[in-house]
Amino acid sequence: MDTQEQLDDFQKRIDAGEKIEPKDWMPERYRQQLIRMMSQHAHSEIVGMLPEGNWITRAPSLKRKMVLLAKVQDEAGHGLYLYSATETLGVRRQKLVEDYLYGKAKYSSIFNYPTLTYADICVIGWLVDGAAIVNQTMLAKSSYGPYSRANLRICKEESFHKKQGYEMLAKMADGTPEQKKMAQDAVNRWWWPTLMMFGPHDTDSPNSAELIKWGVKTKTNDELRRHFVDRTVMEAEAIGITLPDPDLTYNEETGHWDFGDIPWDEFWSVVKGDGPMNRERMKARRKAYEDGAWVREAAMEHARKKKLREEKAS
Ligand code: BYC
């Protein structure tokens, strides 16, 4: 049981801006919240390789193929740092992965949409990585040291991802009428799902208050979403792309862009497993895990034998 004195001391450290490190005392609920959120983040990075990986063999040039390969490999790396960071909380990676593949652990709703044309790859870079940067720049200030440091590194790579997506989309939007149409169509399909990535409105977000009190999140879902919309409106305008929201208007009083209603029914249906690609994504991830069982077994056996040899030698 956590005592009141321990909880007060912990809160003092958070309020003073100190980082919490793996061997420090922490409330059990803080540990559980971090495991939930960090492992969801790791699963998202890994499943997030699928929609883009699907286009590597069909990239329009060698240069685009090299860029996309590098980007997808970066996402795998992010997943690995995040699993390692989550393991510092005393939970094994295998358990995290199995909770996700065969249990109830979540991953980001955004990866349950299909990539229909190459313009979707441009838009994922610009919008999805763009949204991820807004979220993860905040998480780089998180109170938990390993999560904060993992996000710092991830953000540097996400910046490159966003730039390459925006550059490709700008080129496409400046191309033939068909290319421009393709670019606009992809933006129309990805805009609302991207806004949903930030999670439910603050009034419907059961975890936010506690995460903010403990400095895990330093901004709310709505604050981050608003910041993302503000910076994206100008970027869209600069390349002649229209954001598909007739209610998007600049509010002189607040200095922010107001936007229309987010289709929350769609969001919850995707989160509950009924999105356009949920089943296919889970099937692909389970297959990869099951096909890789022999690699994990061989690696464990190698480690076991190495340890035995070392014990014998000493
Ligand atoms: N999708 O109380 P709330 C990438 C769930 S990958 C699914 O506001 P919280 C990339 C939420 O989990 C990076 N579920 O939660 C990779 C909770 O359910 P549980 C993706 C969502 O934690 C490849 C319930 O709704 N980024 O960048 O305060 C290619 C209530 O929500 C979602 C991360 O993973 C959602 N969108 O805030 C390209 C960021 N939103 O768990 C790019 C890390 C909410 O209580 N995570 N839910 O059953 C976070 O920042 C926060 O956890 C969230 C949610 C903002 C997502």
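Author: What follows is a conversation about the ligand, the cysteines and a handful of individual residues.

Author: Please keep in mind that this is a predicted model, in which local features need pLDDT of at least 70 and side-chain atom pairs count only at pLDDT 80 or more, while totals for chains, interfaces and linings use all residues. Residues are numbered from 1 along each chain as its sequence is written, and side-chain values use heavy atoms, with hydrogens and water left out.

Reader: Okay, ligand first: which residues come nearest to the ligand?

Author: There are 38 residues around the ligand, and R36, Q40, K106, S205 and K217 come nearest; a residue belongs to this group if one of its heavy atoms lies within 4 Å of the ligand.

Reader: And what is the class make-up of that shell?

Author: The shell is made up of 16 nonpolar, 13 polar and nine charged residues. In this scheme Ala, Val, Leu, Ile, Met, Phe, Trp, Tyr, Cys and Pro are nonpolar, Asp, Glu, Lys and Arg are charged, and the others, Gly among them, are polar.

Reader: What lies 2.6 Å from an oxygen atom of the ligand?

Author: That is an N or O atom in the side chain of K217.

Reader: How much of the ligand's accessible area does the protein cover?

Author: The ligand on its own has 1,100 Å² of accessible area, and the protein covers 91% of that; the areas come from the Shrake-Rupley method with a 1.4 Å probe, and for residues only the protein chains shown count as cover. The elements that give two or more residues to the shell are α2 (28-47), α4 (62-87), α6, α7 (145-173), α9 (208-213) and α11 (264-274). Helices (H or I, at least four residues) and strands (E, at least two) are DSSP runs, numbered from the N terminus.

Reader: Switching topic, how many disulfides turn up?

Author: A search of the whole structure gives zero, where a disulfide would be a pair of cysteine sulfur atoms within 2.5 Å.

Reader: Are C122 and C155 buried or exposed?

Author: C122 is buried at a relative accessible area of 1%, and C155 is buried at 12%. Buried means under 20% relative accessible area, exposed over 50%, and partly exposed in between, with a 1.4 Å probe and protein chains only.

Reader: Now R225, where is it found, and why does it count as buried?

Author: R225 is found in helix α10, and it counts as buried because its relative accessibility is 0%. A polar atom of the R225 side chain lies 2.8 Å from the backbone oxygen of G199. Not counting residues up to four places away in sequence, R225 touches several residues, among them L195, F198, H201, F259 and W264, contact meaning heavy atoms within 4.5 Å.

Reader: What about R189, which residue's side chain does it join in a polar contact?

Author: The side chains of R189 and D120 are joined by a polar contact of 2.8 Å. R189 lies in helix α8 (residues 177-196) and is partly exposed at 26% relative accessibility. Beyond four places in sequence, R189 touches P114, L116, T117 and D120.

Reader: Last one, where is K219?

Author: K219 is in the loop between α9 and α10 (221-238), where it counts as partly exposed because its relative accessibility is 39%. Leaving out residues up to four places away in sequence, K219 touches M138, I212 and L224.

Terms used. A polar contact is a pair of N or O atoms within 3.5 Å; within protein, one must be able to donate a hydrogen and the other to accept it, and residues adjacent in sequence count only if both atoms are side-chain atoms.
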